[in-house]
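The tour then moves from one selection to the next.

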Amino acid sequence: MLLLIPAIVAREECAAPVNVLWLPIGDSITWGCNGPSLGDCHNDSAGYRVPLALALTQHPLGPSNCMGFNVRTMGTLMTGPPYVPQDWLRHEGHPAYQINMIEDILGQSLRSSPQPPDLITIHIGTNDCNVNMSTADMEANMNSLLGEIKVRAPEAQVFLADLLSTGFKQQMEECIIAFNNLIPQIVGNWAAQGMAIHHVTVFDTMQPGCGADPNYPEHDFCGEDQMHPTSAGYPRMASAFALSILRNFNVA
């Protein structure tokens, strides 16, 4: 009789989790709203933030060394479900905000913690497109915001997302696509100046989500306004951030 003896596998020695202080920046999508009105922005909503925080605490990409991140957040707002770690719920996602409005409160954001952020995620610009702002002005405002971040939080690693697609207005979608085409150059220019910055391709990850044909199953990744993800769509958005951060965040 052949006796099968289970192999003894040595237990992996795990490094201590790396502490990461995260500042999420954005508008109602960063809050986690499920529609265009303030009534759609609930105090227990967290959008992509909670699934992203969870992903970052798990094993990294590739062969595991057991080292996820010990994630804490900062920001002047605090929203999200009560049953997850409260350290995950602070943010700077303001409904209806445009890029320049985030820069106006950046000082308050950074003062929300005695320590500067290690990680900053940015998804902002949808409302700029909604008010017909030119992409040239949006680009200038984004560069101004990034310049302030570089001065005020020079050690932070920045992950700048392009904008979600939308079925809300054709003009908005054209603006979003035009602005998204500028993001790689914006990121490249700041990286050349020594900023630790990376492009997160949220638009591609969510396709054909927001704005999808109502006959597509993916249509339900976004809500009735086809501008804000649903509870099914936000984790998909989080995956784009998670993949980029796990690939590029420097823990040294």
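The stops below concern the disulfides and their surroundings. This is a predicted model, in which local features need pLDDT of at least 70 and side-chain atom pairs count only at pLDDT 80 or more, while totals for chains, interfaces and linings use all residues. Residues are numbered from 1 along each chain as its sequence is written, and side-chain values use heavy atoms, with hydrogens and water left out.

Begin by selecting the cysteines: three disulfides are present (a disulfide being a pair of cysteine sulfur atoms within 2.5 Å).

Select Cys 33 and Cys 41, which are joined with an S to S distance of 1.9 Å. The torsion about their S-S bond is about 110°, so this disulfide is right-handed. Both Cys 33 and Cys 41 are buried (under 20% relative accessible area, with exposed over 50% and partly exposed in between; 1.4 Å probe, protein chains only).

Next, select Cys 129 and Cys 175, whose disulfide has an S to S distance of 2.1 Å. This pair links distant parts of the chain, 46 residues apart: Cys 129 is in helix H5 (residues 126-130) and Cys 175 in helix H7 (residues 170-180). Helices (H or I, at least four residues) are DSSP runs, numbered from the N terminus. The link of Cys 129 and Cys 175 is left-handed, with -75° about the S-S bond. Cys 129 is buried at 0% relative accessible area, and Cys 175 is buried at 7%.

Finally, select Cys 210 and Cys 222, a disulfide with sulfur atoms 1.8 Å apart. Both Cys 210 and Cys 222 lie in the loop between helix H9 (202-206) and helix H10 (233-248), so the pair ties together parts twelve residues apart in sequence. Their link is left-handed, with -70° about the S-S bond.

Technical notes: Helix = DSSP H or I, 4+ residues; strand = E, 2+ residues; numbered from the N terminus.
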